[in-house]
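Dear colleague,

Please find below the structure that I am handing over to you. My notes on what was found in it follow.

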Amino acid sequence: MGLYPFTMSYPHPAQSTLLVEGWRSIPHSYAIVNQWQLLALLRRESVGLFHRDVPYFRAGWRPDTGLFPAPDEARIAAVPSPPPGLSPDAVLRLAYPYDLLPAAAKRLCVFGTAESGQVGDEKLVGGRLQDRRDDLWLVTPSRWSRQGFLRSGADPDRVVVVPHGADPAVFHPLPPDERAVLRAELGFEGFVFLSIGAMTPNKGLDLLLRAFAQLAEAHPEVRLVLKGLDALYPSRDMLHQHCQRLSVAQAGRLQPRLLYLSESLSFRGMARLYQAADAYVCPYLAEGFNLPALEAMACGLPVICTAGGPTDDFIDEACGLRVRSTLAAFAPAPGVQGLCLRPDGEHLLYQMGTALQSADLPGQVRVAGPARVRAEFTWDHVARDLVRVLFA
C-alpha cells in the first residue's frame with residue numbers, strides 16, 4: 001500500500017463526491033471492509049472522498065490502532081469530514097443496523113449482508129426492504145447474500161453484488177525458506193489447519209472440532225490453530241462451550257493439538273498465520289462473504305469450505321475443497337428465523353484428510369489461489385465496481 005502516492009485535499013470540481021458513513025478502527029468485518037475500501041478509493045482521482053463515523057453497534061466496542069501500517073492508518077484517519085451543507089453525489093453506508101433513511105445525495109447505497117438467508121426488520125432503520133425508492137441501492141458481497149435480500153422483499157433491480165478483496169502486498173505466499181523460519185517462530189509443527197472467526201454458532205465450530213478429533217486419531221501429527229475475535233465477542237468462552245460438548249475421547253485428542261489465539265493482530269500479523277499454516281478450514285453455516293477464506297486463498301492455502309454459500313463465488317476446485325451441505329432452517333437470534341447450510345460432517349472429515357494427504361494440492365493452490373485474487377479480487381477491483389454502482 002505504501003507504493004501509492006498520498007495527497008489529501010478537498011475534491012476538485014470535476015470529481016464525483018462521495019460521503020462514506022461507517023465504522024473505522026475496530027476489527028469488525030464491516031469496519032475492515034470500510035477501511036480497505038477507503039484506501040482503494042483514495043487512489044481513484046475521479047472520487048472526492050469524505051467520511052462520517054457512525055456509532056459502534058455495541059457500547060463496549062473500543063477503537064483500536066495497529067491494524068494497518070501507520071502510514072495507511074494516517075491516510076484513513078485523514079479522510080475529511082463532510083463540510084456543512086455538503087450535498088454529495090453519492091452516500092455509501094457501512095454499519096449495522098442498516099440505515100435506509102434518505103440522504104441529501106443523488107444516490108444512497110447501503111451495504112449489508114444476509115448471512116442467514118434473510119434480512120429481518122430488526123436489522124433495518126428508516127425504512128423497509130419492500131419500499132420502492134429511486135434513490136436507494138443495496139450493496140452486498142455475494143450471490144448468497146443477494147438472494148437473502150431478495151427473499152426478504154428487496155427490489156432485484158437494486159441489489160448489487162460487489163465482492164470483497166484482499167491486498168496481495170500483504171496476503172501472499174512466502175518462499176519455502178522464509179515459511180520454515182516463520183513456522184519455527186510461531187511454533188507450528190506437523191500439519192496445521194487454521195480457522196479464524198468469532199466462534200459464534202454460524203461458524204460451524206462444533207463440526208470442525210469433531211472432524212479434527214477424528215482425524216487426529218489416525219494422524220497424530222495434525223494441529224488446529226483457532227484465531228478468535230475476543231476484542232468484540234466472548235470468543236474464548238464460546239470455544240469452551242463447544243469443547244464441553246465433545247466426548248472425553250474427542251477432547252483428549254483435541255486438547256494437546258489445539259492452539260487458540262485471542263489477541264488482536266494487525267493484518268500483516270494475520271497474514272503470517274495464513275502463510276505458516278497448511279490448510280484453511282471453515283465449515284460455516286451462514287456467512288455473508290467470508291473474507292478470511294479469500295485472504296487464505298491469496299496466501300496460497302487450500303481452503304476447505306462449505307459448498308453452496310458465498311465462498312462459491314471465489315473458491316473452486318483449483319483453489320480449495322468444498323464440503324457438501326444441505327439447506328436447513330436456522331435461528332440466528334431468539335425469535336428470528338432464517339436459513340443456513342448444514343455441512344456434511346463426514347465429507348468435512350474426508351476433505352480435511354484429502355488436504356492432509358494430497359501430494360499435488362498444495363502446489364496447485366499455491367499458484368491458482370493468489371493468481372485468481374490478483375486477477376479478480378483485489379481492493380482496487382472492489383473500488384472500481386463500487387464507483388460504477390455509486391456514480392452510474
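How many positive and negative side chains does the protein chain have, and how far apart do the centres of the two sets lie? There are 38 positive and 40 negative side chains, with the two centres 2 Å apart. Lys and Arg count as positive and Asp and Glu as negative, with His and the chain ends not counted; the charge is placed at NZ of Lys, CZ of Arg, CG of Asp or CD of Glu.

Please note that this is a predicted model, in which local features need pLDDT of at least 70 and side-chain atom pairs count only at pLDDT 80 or more, while totals for chains, interfaces and linings use all residues. Residues are numbered from 1 along each chain as its sequence is written, and side-chain values use heavy atoms, leaving out hydrogens and water.

As to overall form, the radius of gyration of the protein chain (over C-alpha atoms) is 21 Å. This agrees with the value near 21 Å for a compact globule of 392 residues, the rule being 2.2 Å times the number of residues to the power 0.38. The C-alpha atoms fill a box of roughly 65 × 50 × 40 Å along the principal axes.

Strand 1 (residues 16–22) runs parallel to strand 2, joined by 7 bridges; strands pair if DSSP finds at least two bridges between them. Leu19 has Phe50 in strand 2 as its bridge partner. Strand 2 (residues 47–53) is mostly covered, with 5 of its 7 residues buried.

With kind regards

How values were computed. Buried < 20%, exposed > 50% of the residue type's maximum accessible area, 1.4 Å probe, protein only. Helix = DSSP H or I, 4+ residues; strand = E, 2+ residues; numbered from the N terminus.
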